[in-house]
Amino acid sequence: MRASQNGPHEKGGKHISGGEHISTYDNLKTTVNVLLEKALSHSRGNPDFMKIQFETIAQPIKRLKPLSIDTNVVGSVEEGQTAARNLLVKAGVPTESIEKAYKELVEYSELRGAILFDIGSGLRIDARKEKGVRVSRMDWLNPNFEKWADHYKMPRSQRVKEALVLATKVSAHPATVAELCWSDDPEYITGYVASKGLGYQRITQLKEYGDECGCRIFFVDGLSDLSSYIDYLEKRPIFVQWGEEC
Ligand code: PML
Ligand code: MG
(Lines give C-alpha, C1' and ligand atoms only; values in the text may rest on other atoms or scores of the structure.)
(Ligands and ions follow the chains in the order given, each with its own letter.)
Protein backbone atom coordinates (compact mmCIF):
# COMPACT_ATOMS: atom_id res chain seq x y z
CA MET A 1 0.00 0.00 0.00
CA ARG A 2 1.13 3.52 -0.63
CA ALA A 3 -0.86 6.66 0.07
CA SER A 4 -0.20 10.31 -0.67
CA GLN A 5 -1.78 13.77 -0.53
CA ASN A 6 -2.21 16.25 -3.40
CA GLY A 7 -2.05 13.47 -5.97
CA PRO A 8 0.10 10.37 -6.47
CA HIS A 9 3.73 10.32 -5.40
CA GLU A 10 4.95 10.31 -8.99
CA LYS A 11 3.05 13.56 -9.65
CA GLY A 12 4.58 15.34 -6.67
CA GLY A 13 2.08 14.27 -3.97
CA LYS A 14 3.20 14.29 -0.34
CA HIS A 15 3.94 10.82 1.02
CA ILE A 16 1.49 9.88 3.79
CA SER A 17 1.90 6.19 4.46
CA GLY A 18 3.14 2.88 3.12
CA GLY A 19 2.84 -0.69 4.28
CA GLU A 20 3.12 -4.35 3.35
CA HIS A 21 1.88 -7.68 4.64
CA ILE A 22 2.01 -11.33 3.72
CA SER A 23 -1.43 -12.90 3.88
CA THR A 24 -3.23 -16.12 3.13
CA TYR A 25 -5.92 -15.84 0.46
CA ASP A 26 -8.65 -16.32 3.07
CA ASN A 27 -7.32 -13.45 5.15
CA LEU A 28 -6.93 -10.95 2.30
CA LYS A 29 -9.97 -8.81 3.19
CA THR A 30 -8.75 -8.32 6.75
CA THR A 31 -5.21 -7.61 5.60
CA VAL A 32 -6.27 -5.03 3.01
CA ASN A 33 -8.39 -3.38 5.70
CA VAL A 34 -5.41 -3.14 8.05
CA LEU A 35 -3.50 -1.27 5.33
CA LEU A 36 -6.50 0.93 4.54
CA GLU A 37 -6.86 1.86 8.23
CA LYS A 38 -3.16 2.61 8.52
CA ALA A 39 -3.30 5.16 5.71
CA LEU A 40 -6.68 6.70 6.54
CA SER A 41 -5.78 7.64 10.10
CA HIS A 42 -2.30 9.03 9.69
CA SER A 43 -0.56 11.85 11.53
CA ARG A 44 1.03 13.08 8.25
CA GLY A 45 -2.44 13.99 6.96
CA ASN A 46 -5.37 12.61 4.98
CA PRO A 47 -4.48 10.91 1.71
CA ASP A 48 -6.28 11.69 -1.55
CA PHE A 49 -4.45 8.94 -3.44
CA MET A 50 -3.92 5.35 -2.39
CA LYS A 51 -2.78 2.25 -4.20
CA ILE A 52 -3.21 -1.21 -2.70
CA GLN A 53 -1.75 -4.01 -4.74
CA PHE A 54 -1.67 -7.73 -4.04
CA GLU A 55 0.27 -10.44 -5.81
CA THR A 56 0.74 -14.18 -5.37
CA ILE A 57 4.02 -15.21 -3.81
CA ALA A 58 5.30 -18.20 -5.72
CA GLN A 59 8.71 -18.48 -4.05
CA PRO A 60 9.26 -20.25 -0.73
CA ILE A 61 9.20 -17.84 2.23
CA LYS A 62 12.48 -17.64 4.11
CA ARG A 63 12.25 -17.52 7.91
CA LEU A 64 14.53 -15.19 9.85
CA LYS A 65 15.03 -14.75 13.59
CA PRO A 66 14.45 -11.15 14.72
CA LEU A 67 17.58 -9.12 15.38
CA SER A 68 18.43 -8.72 19.06
CA ILE A 69 17.02 -5.51 20.54
CA ASP A 70 18.44 -2.76 22.78
CA THR A 71 17.17 0.71 23.66
CA ASN A 72 19.59 3.64 24.02
CA VAL A 73 17.92 6.33 26.10
CA VAL A 74 19.09 9.84 25.15
CA GLY A 75 18.10 13.31 26.37
CA SER A 76 18.22 15.32 23.13
CA VAL A 77 18.42 15.08 19.34
CA GLU A 78 22.15 15.96 19.50
CA GLU A 79 22.82 13.14 21.95
CA GLY A 80 20.73 10.76 19.82
CA GLN A 81 22.49 11.69 16.59
CA THR A 82 25.90 11.26 18.25
CA ALA A 83 24.83 7.83 19.51
CA ALA A 84 23.66 6.91 15.99
CA ARG A 85 26.97 7.96 14.42
CA ASN A 86 28.94 6.03 17.05
CA LEU A 87 26.88 2.90 16.44
CA LEU A 88 27.33 3.21 12.66
CA VAL A 89 31.10 3.48 13.10
CA LYS A 90 31.01 0.44 15.41
CA ALA A 91 29.12 -1.45 12.70
CA GLY A 92 31.91 -0.67 10.21
CA VAL A 93 30.71 2.46 8.39
CA PRO A 94 33.53 4.98 7.85
CA THR A 95 32.87 8.47 9.27
CA GLU A 96 33.23 10.11 5.81
CA SER A 97 30.48 7.85 4.43
CA ILE A 98 28.18 8.82 7.28
CA GLU A 99 28.70 12.53 6.58
CA LYS A 100 28.17 12.08 2.83
CA ALA A 101 25.03 10.01 3.36
CA TYR A 102 23.57 12.72 5.63
CA LYS A 103 24.16 15.25 2.81
CA GLU A 104 22.05 13.07 0.45
CA LEU A 105 19.22 13.20 2.98
CA VAL A 106 19.16 16.98 2.97
CA GLU A 107 18.93 16.94 -0.83
CA TYR A 108 15.83 14.70 -0.83
CA SER A 109 13.56 15.89 1.98
CA GLU A 110 10.58 13.97 0.53
CA LEU A 111 12.17 10.51 0.42
CA ARG A 112 9.66 7.65 0.52
CA GLY A 113 11.99 4.65 0.34
CA ALA A 114 15.55 3.94 1.40
CA ILE A 115 18.81 5.37 0.08
CA LEU A 116 21.46 2.75 -0.74
CA PHE A 117 24.87 4.08 0.13
CA ASP A 118 28.09 2.33 -0.86
CA ILE A 119 30.80 2.71 1.79
CA GLY A 120 33.56 1.76 -0.65
CA SER A 121 32.93 4.55 -3.17
CA GLY A 122 31.23 6.92 -0.71
CA LEU A 123 28.36 7.32 -3.18
CA ARG A 124 24.62 6.81 -3.25
CA ILE A 125 24.10 3.93 -5.68
CA ASP A 126 20.35 3.35 -6.11
CA ALA A 127 19.59 6.16 -8.61
CA ARG A 128 15.97 6.21 -7.41
CA LYS A 129 15.97 9.89 -6.39
CA GLU A 130 13.09 10.73 -3.98
CA LYS A 131 11.43 7.36 -4.55
CA GLY A 132 14.28 5.40 -2.97
CA VAL A 133 13.97 1.63 -2.54
CA ARG A 134 10.93 0.25 -0.74
CA VAL A 135 11.50 -3.04 1.07
CA SER A 136 8.54 -5.38 0.66
CA ARG A 137 7.27 -8.97 0.98
CA MET A 138 7.95 -9.38 4.68
CA ASP A 139 5.86 -9.94 7.79
CA TRP A 140 5.73 -11.34 11.32
CA LEU A 141 2.62 -13.16 12.53
CA ASN A 142 1.05 -11.17 15.37
CA PRO A 143 0.74 -13.99 17.96
CA ASN A 144 4.47 -14.78 17.64
CA PHE A 145 5.37 -11.06 17.68
CA GLU A 146 3.29 -10.50 20.81
CA LYS A 147 5.07 -13.35 22.62
CA TRP A 148 8.37 -11.79 21.63
CA ALA A 149 7.22 -8.32 22.80
CA ASP A 150 6.01 -9.64 26.16
CA HIS A 151 9.25 -11.55 26.66
CA TYR A 152 11.43 -8.47 25.99
CA LYS A 153 9.02 -6.09 27.78
CA MET A 154 8.48 -4.13 24.58
CA PRO A 155 5.17 -2.50 23.64
CA ARG A 156 3.01 -4.62 21.33
CA SER A 157 3.42 -1.87 18.76
CA GLN A 158 2.85 -2.49 15.05
CA ARG A 159 5.37 0.24 14.35
CA VAL A 160 8.13 -1.56 16.27
CA LYS A 161 7.09 -4.85 14.62
CA GLU A 162 7.25 -3.40 11.11
CA ALA A 163 10.58 -1.66 11.71
CA LEU A 164 12.17 -4.75 13.23
CA VAL A 165 10.91 -6.94 10.37
CA LEU A 166 12.42 -4.56 7.84
CA ALA A 167 15.72 -4.21 9.71
CA THR A 168 15.96 -8.00 10.09
CA LYS A 169 15.38 -8.55 6.37
CA VAL A 170 17.82 -5.84 5.29
CA SER A 171 20.61 -6.83 7.67
CA ALA A 172 20.32 -10.51 6.68
CA HIS A 173 21.79 -9.72 3.24
CA PRO A 174 25.58 -10.24 3.25
CA ALA A 175 26.24 -6.88 1.53
CA THR A 176 24.42 -4.82 4.19
CA VAL A 177 26.78 -3.22 6.70
CA ALA A 178 24.23 -1.17 8.67
CA GLU A 179 20.93 0.67 8.51
CA LEU A 180 20.02 4.08 9.93
CA CYS A 181 16.35 5.01 10.30
CA TRP A 182 13.95 7.44 11.88
CA SER A 183 10.31 8.02 11.11
CA ASP A 184 8.77 10.70 8.90
CA ASP A 185 5.75 10.81 11.22
CA PRO A 186 5.76 14.12 13.14
CA GLU A 187 4.89 12.60 16.52
CA TYR A 188 7.42 9.75 16.47
CA ILE A 189 11.01 10.59 17.38
CA THR A 190 12.56 7.20 18.22
CA GLY A 191 14.76 5.71 15.50
CA TYR A 192 17.43 3.05 15.23
CA VAL A 193 20.72 1.78 13.89
CA ALA A 194 20.72 -1.90 12.92
CA SER A 195 23.36 -4.36 11.81
CA LYS A 196 24.07 -8.09 12.01
CA GLY A 197 26.58 -7.62 14.83
CA LEU A 198 24.87 -4.83 16.83
CA GLY A 199 21.31 -6.02 16.36
CA TYR A 200 18.45 -3.49 16.44
CA GLN A 201 19.67 -0.51 18.48
CA ARG A 202 16.77 1.82 19.24
CA ILE A 203 17.64 5.45 20.03
CA THR A 204 14.88 7.31 21.84
CA GLN A 205 15.34 10.68 20.09
CA LEU A 206 16.72 11.26 16.62
CA LYS A 207 14.65 14.30 15.62
CA GLU A 208 12.41 17.00 17.12
CA TYR A 209 8.66 16.55 17.57
CA GLY A 210 6.77 18.00 14.60
CA ASP A 211 9.55 17.26 12.13
CA GLU A 212 8.19 15.40 9.07
CA CYS A 213 11.59 14.53 7.58
CA GLY A 214 12.39 10.84 7.97
CA CYS A 215 15.50 8.87 7.16
CA ARG A 216 16.28 5.38 5.92
CA ILE A 217 19.79 4.62 4.70
CA PHE A 218 21.23 1.19 3.95
CA PHE A 219 25.05 1.24 4.06
CA VAL A 220 26.38 -1.50 1.79
CA ASP A 221 29.80 -2.90 0.97
CA GLY A 222 31.17 -5.38 -1.55
CA LEU A 223 28.00 -5.37 -3.62
CA SER A 224 28.72 -7.20 -6.88
CA ASP A 225 25.22 -6.90 -8.33
CA LEU A 226 23.05 -3.89 -7.43
CA SER A 227 19.94 -5.16 -9.23
CA SER A 228 19.98 -8.49 -7.39
CA TYR A 229 20.36 -6.60 -4.05
CA ILE A 230 17.33 -4.43 -4.92
CA ASP A 231 15.47 -7.55 -6.05
CA TYR A 232 16.18 -9.14 -2.64
CA LEU A 233 14.83 -6.07 -0.83
CA GLU A 234 11.74 -5.65 -2.97
CA LYS A 235 10.81 -9.21 -3.89
CA ARG A 236 12.35 -11.93 -1.73
CA PRO A 237 9.66 -13.04 0.75
CA ILE A 238 10.62 -13.43 4.40
CA PHE A 239 8.83 -14.14 7.65
CA VAL A 240 10.33 -13.13 10.96
CA GLN A 241 9.84 -15.84 13.55
CA TRP A 242 10.91 -15.96 17.16
CA GLY A 243 11.44 -19.13 19.18
CA GLU A 244 10.62 -22.65 18.14
CA GLU A 245 7.13 -22.03 16.79
CA CYS A 246 6.41 -22.92 13.22
C1 PML B 1 8.80 4.45 11.16
O2 PML B 1 7.84 4.62 11.89
O3 PML B 1 8.74 4.72 9.97
C4 PML B 1 10.09 3.91 11.70
C5 PML B 1 10.09 3.72 13.17
C6 PML B 1 11.45 3.30 13.69
C7 PML B 1 11.56 3.07 15.17
C8 PML B 1 10.59 2.08 15.74
C9 PML B 1 10.93 1.75 17.19
O10 PML B 1 11.72 0.83 17.42
O11 PML B 1 10.39 2.41 18.08
MG1 MG C 1 5.91 7.00 8.21
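Predicted model: local features only at pLDDT ≥ 70, side-chain atom pairs only at ≥ 80, totals over all residues.
Biologist: What makes Asp184 and Asp185 ligands of the magnesium ion (ligand 2)?

Modeller: Their OD atoms lie at 2.2 to 2.4 Å from the magnesium ion. The cut-off for a donor to this metal is 2.8 Å, so both residues count as coordinating.

Biologist: Why is Asp184 called buried?

Modeller: Asp184 has a relative accessible area of 17%. Buried means under 20%, so the label applies. Asp185, with 7%, is buried by the same rule.

Biologist: Which residues make the contact between H2 and H3?

Modeller: H2 contributes Gln81, Arg85, Leu88 and Val89, and H3 contributes Thr95, Ile98, Glu99 and Tyr102. By class, four of these residues are nonpolar, two polar and two charged.

Biologist: How do you know that Ser171 is buried?

Modeller: Ser171, in helix H5 (residues 158–172), has a relative accessible area of 5%. The limit is under 20%, so Ser171 counts as buried. Neighbours within four places in sequence aside, Ser171 is in contact with Leu67, Thr176, Ser195 and Lys196.

Biologist: What makes Gln201 a buried residue?

Modeller: Gln201 sits in strand E11 (residues 199–203), and its relative accessible area is 9%. That value is under 20%, so Gln201 is buried. Leaving aside neighbours within four places in sequence, its contacts are Asp70, Asn72, Leu87, Gly191, Tyr192 and Val193.

Biologist: Where is Ala127, and why does Ala127 count as exposed?

Modeller: Ala127 is in the loop between strand E7 (123–124) and strand E8 (138–139). Phi of Ala127 is near 55 degrees, a positive value in a residue other than glycine.

Biologist: What makes Lys153 exposed?

Modeller: Lys153 has 74% relative accessibility, which is over 50%, and therefore counts as exposed. Lys153 belongs to the loop between helix H4 (142–151) and H5. Its phi is positive, near 55 degrees, and the residue is not glycine.

Note on methods
Residues numbered from 1 in each chain as written. Chains lettered and ligands numbered in written order. Heavy atoms only, no water. Donors = N, O, S within 2.8 Å, 3.2 Å for Na, K, Ca; no water. Buried < 20%, exposed > 50% of the residue type's maximum accessible area, 1.4 Å probe, protein only. Contact = heavy atoms within 4.5 Å. Helix = DSSP H or I, 4+ residues; strand = E, 2+ residues; numbered from the N terminus. Nonpolar A, V, L, I, M, F, W, Y, C, P; charged D, E, K, R; others polar.
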